[in-house]
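Here is a short tour of one chain, taken a piece at a time. Keep the picture open as you read.

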Amino acid sequence: MDDDQEVPSPPLEPHRPGQQREPRRGYLGPGLSFGALALYILYLWATVGIGAPNSWPNSILAGPAAFVPIAVYLGLAIFLAVRPGTARTGAGMLIGLGIFLLLGGGLCVGALAQTGF
């Protein structure tokens, strides 16, 4: 066999009409709404204590603790997105995370621009 010859790959198996794929289920809209709103509520609730003496933002865990809710949320959203029964809900939660990041980043930049730093 020459090195110049290409080895043919096996043909892909066509989808047969008799085979039914499991439909994707879940709710995209509620997953999206829950995703964006839950993250905003969580972070607004977490920032209420900032500035108070002896609050958790003054501790050494303040930096990493801000990423724990996003990591847990992302893990849950991916878990739901890969399961066929809840795929649309998980996809909505992932889209909600994107909305949270875009709008939250805009709000943060806007607040920093007003402070004059």
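## Starting at Pro-69

Let's begin with Pro-69, which counts as partly exposed because its relative accessible area is 23%. For that scale, buried means under 20% relative accessible area, exposed means over 50%, and partly exposed is in between (1.4 Å probe, protein chains only). Pro-69 belongs to helix H3. Helices here are DSSP runs (H or I, at least four residues), strands are runs of E with at least two, and numbering goes from the N terminus.

Who does Pro-69 touch, leaving out residues up to four places away in sequence? The partners are Leu-42 and Tyr-43, where contact means heavy atoms within 4.5 Å. Leu-42 lies 27 residues from Pro-69 along the chain, and their C-alpha atoms are separated by 8.1 Å.

## What kind of model this is

This is a predicted model, in which local features need pLDDT of at least 70 and side-chain atom pairs count only at pLDDT 80 or more, while totals for chains, interfaces and linings use all residues. Residues are numbered from 1 along each chain as its sequence is written, and side-chain values use heavy atoms, with hydrogens and water left out.

## The whole chain

Stepping back, you'll find four helices and zero strands, so the pattern along the sequence reads α-α-α-α. The chain has 117 residues, and 18% of them count as buried.

Now take the contacts between residues at least 6 apart in sequence: 66% of them join residues at least 24 apart.

## Helix H3 against helix H4

H3 (residues 68-82) packs with H4 (residues 87-115) at an angle of about 150°, their axes 6 Å apart. The axes are lines fitted to C-alpha atoms, for helices over the stretch in contact, and the angles run from 0 to 180 degrees between N-to-C directions. On the H3 side, the residues that meet H4 include Tyr-73, Leu-76 and Leu-80; on the H4 side, they include Met-93, Leu-97 and Phe-100. How do the residues of this contact divide into nonpolar, polar and charged? There are 14 nonpolar, two polar and no charged. In that count, Ala, Val, Leu, Ile, Met, Phe, Trp, Tyr, Cys and Pro are nonpolar, Asp, Glu, Lys and Arg are charged, and the others, Gly among them, are polar.

H4 itself has 29 residues and reaches 42 Å from its first C-alpha to its last, close to the 42 Å expected at 1.5 Å a residue. That expected span is 1.5 Å times one less than the number of residues. Buried residues of H4 include Gly-92, Met-93, Gly-96 and Phe-100. After H4 comes Gly-116, with a positive phi near 90°.

Gly-35 sits in helix H1. Is Gly-35 buried or exposed? Gly-35 is buried, because its relative accessible area is 0%. Setting aside neighbours within four places in sequence, Gly-35 contacts Tyr-73 and Gly-96.

Leu-32 is also found in H1, which covers residues 28-47, and counts as partly exposed because its relative accessibility is 25%. Beyond residues up to four places away in sequence, Leu-32 touches Gly-92, Met-93, Ile-95, Gly-96 and Ile-99. Leu-32 and Thr-89 are 57 residues apart in sequence, with 7.6 Å between their C-alpha atoms.
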